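The sequence and coordinates come first.

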Amino acid sequence: MEHSILTDDEVKEIAERSYQLLQLANKYAEQNQGLNTKPFLQELQPYFTKDFIKNLEISLFTVPIGGDFPADFNYKQHFVIKQQTSDRVTVETAQASYLNTALFITVEAKKENGNWKIDNYHYEKPANFTDKDKQHTLITKETAEIIVTEYLHGDEKEIDSITAGKGNTYYINAFVKMNTRQKIGTSIKMDSTSGEIQSLMQVNS
């Protein structure tokens with residue numbers, strides 16, 4: 001039985017449905033913060049499978065951020081279709097991180113009720129960027145502030161404090177202004193040798 005083969009452009013269009021996670025996370029960050037997650041989860045349904053949505057960690061979607069989500073794929077740098085069947089497709093491409101280091105992202109999609117939806121994605125660093133490439137000296141607090149400002153999304157962002165912890169760690173408190181009524185507070189843990197965001201959580205503001 002023959003299966004129609006997707007063109008490269010069709011595969012890219014399917015993979016880019018994953019962009020909706022970032023766009024909708026930022027759109028509904030304020031409601032998610034108030035634990036009113038139903039509108040956010042409903043709007044994900046045309047783009048993501050039931051299993052993907054079911055396994056989301058909602059705590060990640062209470063602060064509007066730019067890192068850690070699919071966005072702005074660089075097909076010229078890297079584009080490989082790893083799998084393609086009548087109801088599944090897996091593509092590997094490149095995406096710049098908020099640290100401007102190259103990342104490879106693998107996006108898996110499958111047909112659900114006749115529609116292509118994102119079922120999974122994961123990142124890995126290219127072989128030429130390993131832990132050995134990390135800086136051996138601490139980044140400055142000024143650099144840490146720039147990284148966090150780029151990582152967070154919002155009309156206005158404010159770094160409240162940056163403190164050094166044990167084990168080459170910065171703890172950063174920041175605020176994102178959502179509208180004229182509300183700021184969302186966030187607590188961030190950063191590796192102070194690389195600038196990598198290790199954890200983020202929303203706090204009362």
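The largest nonpolar core has 48 residues, and among these Leu21, Phe40, Leu152 and Met190 touch the most other members. A nonpolar core is a set of buried Ala, Val, Leu, Ile, Met, Phe, Trp, Tyr and Cys residues joined through side-chain atoms within 4.5 Å. Buried means under 20% relative accessible area, exposed means over 50%, and partly exposed lies in between (1.4 Å probe, protein chains only).

The model is predicted: local features need pLDDT of at least 70 and side-chain atom pairs count only at pLDDT 80 or more, while totals for chains, interfaces and linings use all residues. Residues are numbered from 1 along each chain as its sequence is written, and side-chain values use heavy atoms, with hydrogens and water left out.

Contact here means heavy atoms within 4.5 Å. With neighbours within four places in sequence left aside, Met190 is in contact with Ile139, Ala144, Ile147, Val148, Asn168, Thr169, Tyr170, Ile172, Gly195, Glu196, Ile197 and Gln198.

Ile65 sits in the loop between helix H5 (50–54) and strand S1 (73–84). Helices (H or I, at least four residues) and strands (E, at least two) are DSSP runs, numbered from the N terminus. The relative accessible area of Ile65 is 5%, so this residue is buried. Not counting residues up to four places away in sequence, Ile65 touches Leu22, Asn26, Tyr151, Leu152, His153 and Leu200. The C-alpha atom of Ile65 is separated by 9.4 Å from that of Val148, with the two residues 83 apart along the chain.

**Strands S5 and S6**

Strands pair if DSSP finds at least two bridges between them. Strand S5 (residues 156–165) and strand S6 (residues 169–177) run antiparallel and are joined by nine bridges. Ala164 has Tyr170 in S6 as its bridge partner. The two strands, S5 and S6, form a hairpin with three residues between them, and Gly167 in the turn has a positive phi of about 65°.

**Salt bridges**

The structure holds five salt bridges, each defined as a side-chain nitrogen of Lys or Arg within 4 Å of a carboxyl oxygen of Asp or Glu.

| Glu13 | Arg17 | 2.8 Å |

Glu43 is partly exposed at a relative accessible area of 29%, and Lys27 is exposed at 51%. Glu13 is partly exposed, with a value of 40%.

Glu92 counts as buried at 10% relative accessibility, whereas Lys82 counts as exposed at 52%.

**His78 and Glu92**

Which side chain is joined to that of His78 by a polar contact of 2.6 Å? The partner is Glu92. A polar contact is a pair of N or O atoms within 3.5 Å; within protein, one must be able to donate a hydrogen and the other to accept it, and residues adjacent in sequence count only if both atoms are side-chain atoms. His78 lies in strand S1 and counts as buried at 16% relative accessibility. Not counting residues up to four places away in sequence, His78 touches Glu92, Thr93, Ala94 and Phe104.
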